[in-house]
Amino acid sequence: MTSSARPAINVFLLNADPDTNKNSLCRRVVKASMDVFNANPSQYKVVTTDLSNDGWLDPISTKDFNRLSDPIHINVRTEQMVSPLLIKIQDEQQKLLNSDLFLVFAPLSWFGMPSQFFAWWERVITFGKMYGPGKLYQTGSCARKKALCVLVTNKKQEDFGKDTQNGTIEELLYPVTHGMLYPLGFKIYRTQAIFLPNPAQYDETLTKFQSAIKELEERTPITFNSPNDYTNWVLHTNEKDRKNDLELLAEKGDMTIQEATMKISTSTE
């Protein structure tokens, strides 16, 4: 008996690389991912946004609306609820709402994401439609969807870790994973760190990452504490073995290419 085919995964791939050179490290990683998706059209249906090349360099402003309900006393949050947004912003919202998996690719920039990622987020994740009362965490607009941040750097893997000067990649991305993705309801995979310090190893590392992309559905999402675990914004620490979110992340450490492909390497030996 043959099992029924799994439905295709709807992927929204957001490229937040400010460098438009197609040979930038981040863009090489994006291309490696797209090669996997394009080679398996029955498994993945992919839509993309390239922040640098698709005109997403502007910060949030009144220009995001076709018209304003109150041009004199402007409150952006209010306008997001009642005024018509530009079609390009509505299209981005629909890409996100239609997706099963949201992938964000970015180079490590000042110990975090590039600024244009935050500008895109503020313009697209609007109050009322994308978040707000009744649309947070388990009831968020992206509940039951999954998200993964892929952070690319030319630094060495040993430059990051619990006891290093730089800290862990997961700690650096905590404002994004916990502060932005989690409130929308996403189940968030551990951040994929890709270290590319040596040009001679680029191809090998990218090939390993392609294997990791194929195994995304096998990953376990980060288990952050839920809003019910807090009283007046304070974690219930009187419970046995209760850990805060950063302690939970520290236990796992950063998701390196070696760990992401460990299952594959073991199964093929």
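Q: How much space lies in the largest cavity?
A: The largest cavity holds about 50 Å³ of space. A cavity here is a set of points on a 1 Å grid over the protein atoms alone where a 1.4 Å probe fits but cannot get out, and its volume is the space filled by probe spheres set on the points.

Q: What kind of model is this?
A: This is a predicted model, in which local features need pLDDT of at least 70 and side-chain atom pairs count only at pLDDT 80 or more, while totals for chains, interfaces and linings use all residues. Residues are numbered from 1 along each chain as its sequence is written, and side-chain values use heavy atoms, with hydrogens and water left out.

Q: Which residues line the largest cavity?
A: Among them are Arg6, Phe37, Tyr44 and Glu217, lining residues having an atom within 4 Å of a point.

Q: Turning to helices, at what angle do H3 and H4 cross?
A: The axes of H3 (residues 87-98) and H4 (residues 115-124) cross at roughly 95 degrees and come within 9 Å. The two helices are therefore roughly perpendicular (65 to 115 degrees).

Q: Which residues make that contact?
A: Ile89, Glu92 and Gln93 of H3 meet Trp120, Arg123 and Val124 of H4, with contact meaning heavy atoms within 4.5 Å.

Methods
Axes are lines fitted to C-alpha atoms, for helices over the stretch in contact, and angles run from 0 to 180 degrees between N-to-C directions. Helices (H or I, at least four residues) and strands (E, at least two) are DSSP runs, numbered from the N terminus. Angles under 35 degrees count as roughly parallel, over 145 as roughly antiparallel, 65 to 115 as roughly perpendicular and the rest as oblique. On a 1 Å grid over the protein atoms alone, a cavity is a set of points where a 1.4 Å probe fits but cannot get out, and a pocket is an open set with protein on both sides within 12 Å along at least five of seven lines; lining residues have an atom within 4 Å of a point.
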